[in-house]
Each structure stands twice: as C-alpha cells, then as structure tokens.
Amino acid sequence: MTLAVLSQAFALVFDPYVLWVIVASAAFGLFVGAIPGLTATMATALLVPVTFFMPPVPAIASIVTATAMAIFAGDIPSCLLRMPGTPASAAYTDEAYAMTKKGQGEVALGAGLVFSVIGGLFGTAVLIVAAPALAEIALKFSSFEYFWLVILGLSSAVFLAIGNPLKGVVSLLLGLLVASQGLDNPAAFPRFTFGNAELAGGLTLIPIMIGMFAVSEIIRNVATMDQPWEMAQTKIGNVFTGMWTLTKRYPLQILRGSTLGTAIGALPGAGADIAAWMSYAMSKRFSKEPEKFGSGHVEGIVEAGASNNSALAGAWIPALVFGIPGDSITAIVIGVLYIKGLNPGPTIFLEKAPEMYAIFIVFILANLLMVPLGIAAIKGASQLLRAPREVLMPVILLFCVVGSFAINNSPFGVVLMLAFGLVAYVMEENGFPVAPAILGMVLGAMLEEHFISSMIKADGRLLAFFERPIAAGLGALTLAVFAWPLVRAWILPDRNRA
C-alpha cells in the first residue's frame, strides 16, 4: 500500500458529503437497532434504494456505519426493558436486564458500548491485515465442518441454563422443534402446517424472539401491576465509570470474544447472532465465577459484546475477497458492490485500491463514532424509565406489534409474537430458561441442512464426519465439551475421597 493510495483513500472518506452521509447513517442505524424487530439486516435493506443515488464510497459507508450502530443499539432496549433490539443482543439480554434491576444499568450499557467498539476495531484490523488468508480458510468449510460448528453452538444450551441443565435441554429441544416447522427443510416436506399457508412458510424468528423476551416481560409487569416497580428507580449516569477496571480485569475475555467473533463472521452464513451466542456460552464455560451468570454478571456482556461487532467486520472478509456473503448483511452488500463497479474478488485490492482502503477507514471511523453517538442514544433511551409503567407498557407493546408486523407485512407475525410471549411467560414461571429455546430456533435449520447434506455426500457413512482435518478437530472439540461434565463427575469424587 503506497502513500499515494492511502492519501486518495483519506480524501475519499473525509469529503464533507461522505462525512455527512456517515453521521446520518449512524443516527439511522441507532434508531433502527433500538426498535425491537427492526434488525441490522433491515437497516441495510432500507438503505439500498438510497445508495443508488450515491457514488461508491458514500454508498458503502452508509451501510457499514448503519449496521455497526444497529448491532450496538440492540443492546439498549435489551438492557433497559428486556427487549433485544437485534438477534445478536438476545444472547445476553437476561444478563443485562438483571444488571439493570440491580441498579447497574449504566455498567451494562457502558460495557456494551465500549467493548462493541473494541471488538469492531479488532475485527477491522483483522480485515485489513489478513483478509485473503482468513477467507481462504473459511472457504475450506464444507457441510461437515458446519455441522460440528452448529453442534458446538447447541452445546451452549447447557451452559446458558442457570441452575438446572436438564430444563435447559428441554428448552433447547422446544426451539429445535419450532425450527423444524414449515417447508424450509432439505426435503421441502410440509411439517406441522395443518394445511395453513402461513404455517407453510415457517415460523419467523424475529416475532418469536420479540414475544419470548418482550411480551413475556409485559405480561409479568401486568401481573404485578399492584407492586412497586423496581425499574423505576434506575438511573443512568456516566456509562464509562468502571470501564477501565473491566478492561484490566477481563483482557482474555475481550481478546477471546473479538477473535471468535471475527472467525465466526468470516464463515459464510454464520454472522453476529451465532457469534454472540457462542461467545456468551464460552464466557460462562471458562469463567472463574460461572455461578454468577444469569444474576447480573458483566463478564458475559464484555465477551459477547466484543464478539458481535467484530463479527460484522469478519463477515466482509469472504464478501470482498471471494464475493461470498459472510452473513445476511453482506449478502445485500455484494449486490451494491456490483452495482457500484466494485466487483468482489482477489483482484479488487489491486484494481480498486483507494476505494477498498477508504472502506477500511470508514470501518474505523464508524466504530469511533459509536462512542459519542452511543452515549447520546443511551441517555435518550434511559428517559423511558421515567415514564409510569401504566403508560410505558402499552407503548412498548405497540412497538412490539409494529416490529413483528413489519417483518413480513403480515398480521401472522403479531399472532406469533403474542403466542410465544405467553409460552415464554409460562416457561419462566416454571423455571425453564428462554435463551436455549431461542438458540435452538437460530441453529435448528442449519443443523438439519448440514447434516443431511453431509450424509448424502458420505453415502451414509458417519465416519466421514471425521475424515477432513478441520471437521475432525471440530468434532473432537465438540465431543470433549459433551464428555467433560461426565469426566468431571468421575474425577471429583475421587479427589474428595483422597
């Protein structure tokens, strides 16, 4: 990279028009991400028509900035109201909300903001330095490797269940059952459709997620309307208080979350959602204080917060180098790149070097801009808690209805939201955690698709799942995770006797 190319890239980014586009897109991304049901992918889709009228660099800059802001902004309603703004925030919604109830809302929000920025900058650094090498590794993943990766993700359900792993497994199986519904399976066989056209299309995740987190909380608040509202006393002060202490206390967690997020993001079809779930589960698995998870412990938020934003940059690695989307956002972005004449491929860094390095600079700028704009968004959203519960709950329900309807422009989404909200309320009242069910819904379709594809390739031979080097490593790791509780139960009694 010559100084001439770098100076051209800076000139492209620090044009007043491009800077104005970045700031406007940041505000738009924060707004979309903070409204449950309106995902980062939807923010990208809504921006595409606007980008038709822009030159290449501001067009891509608008999408990069809006998606980075939307992923972070999902943490705000997640923390304050137990309503994840985006699927990536759902992994640690209960943890963040528990901190808010304990009066530590500013710590949870500060951790979400600061470590999202750190993770985003880490992912961007990897994107700049090692994009071709990482993309080459990602392309070696076949259905066998993805199968083990999904199984490893599903094993997180045991760690997500607080106190009772068996109920966590039951919740996970419920999620897998929901994921199997409809026509979207390898054989396109209608499962549990009962002749209904809406059911044939499958059960959309976003309305279900809104229902299980937000509507269940609304029902719980309505049921306890005569009791004092513990959330009403929550105050959000300086969100940076204690962040340096957390950075010194959890350096390994920050590095691990950022690294895993970038790696998961670089895998075609994975994305920030799966990265956040796996990072949160890994944080609990290797924590020195696993018993604190679920009761309002910041460690999982630190690691998963770094992971979901680093995954955004990681997803651009296969997209830019090979034209293969790393997630649903980059699937849309690739179309925009082609329209703007930035055809993805190994030669793009030679043929369009100034534009590529301009995009890298935008990634850095977007993450840095997240700090002041994120603080403003947190301060504005925290004013919601000053409203009386009798006023706030109907307004929240209205946002839930709008978000669920907007996914497919169908009232069926609203029905799904209400039904699963009631299911989640009953589950939680009986000690069944909601998070493993959501995890099963996220990964269920991928599990079936990659298992069937692998069995067809292997002609039914199970040994084929261990014949490829990467698949064998992932398989051994997954089996070790499942075997560890049994080994520990066998070793500890011997130690106690000794």
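**Exercise 1.** Decide how helices α12 and α21 are oriented to each other: roughly parallel, roughly antiparallel, roughly perpendicular or oblique.

*Solution.* In this predicted model, α12 covers residues 205-223 and α21 covers residues 411-429. Helices are DSSP runs (H or I, at least four residues), numbered from the N terminus. The two helices pack at an angle of about 60°, with their axes 6 Å apart. Angles under 35 degrees count as roughly parallel, over 145 as roughly antiparallel, 65 to 115 as roughly perpendicular and the rest as oblique. Therefore α12 and α21 are oblique to each other.

Residues are numbered from 1 along each chain as its sequence is written. Local features need pLDDT of at least 70 and side-chain atom pairs pLDDT 80 or more, while totals for chains, interfaces and linings use all residues; side-chain values use heavy atoms, without hydrogens and water.

**Exercise 2.** Is Glu 390 buried or exposed?

*Solution.* Glu 390 is found in helix α20, residues 389-408. Buried means under 20% relative accessible area, exposed over 50% and partly exposed in between (1.4 Å probe, protein chains only). Glu 390 has 51% relative accessibility, so Glu 390 counts as exposed. The C-alpha atom of Glu 390 is 8.7 Å from that of Val 222, although 168 residues separate the two along the chain.

Terms used. Axes fitted to C-alpha atoms, helices over the stretch in contact; angles between N-to-C directions.
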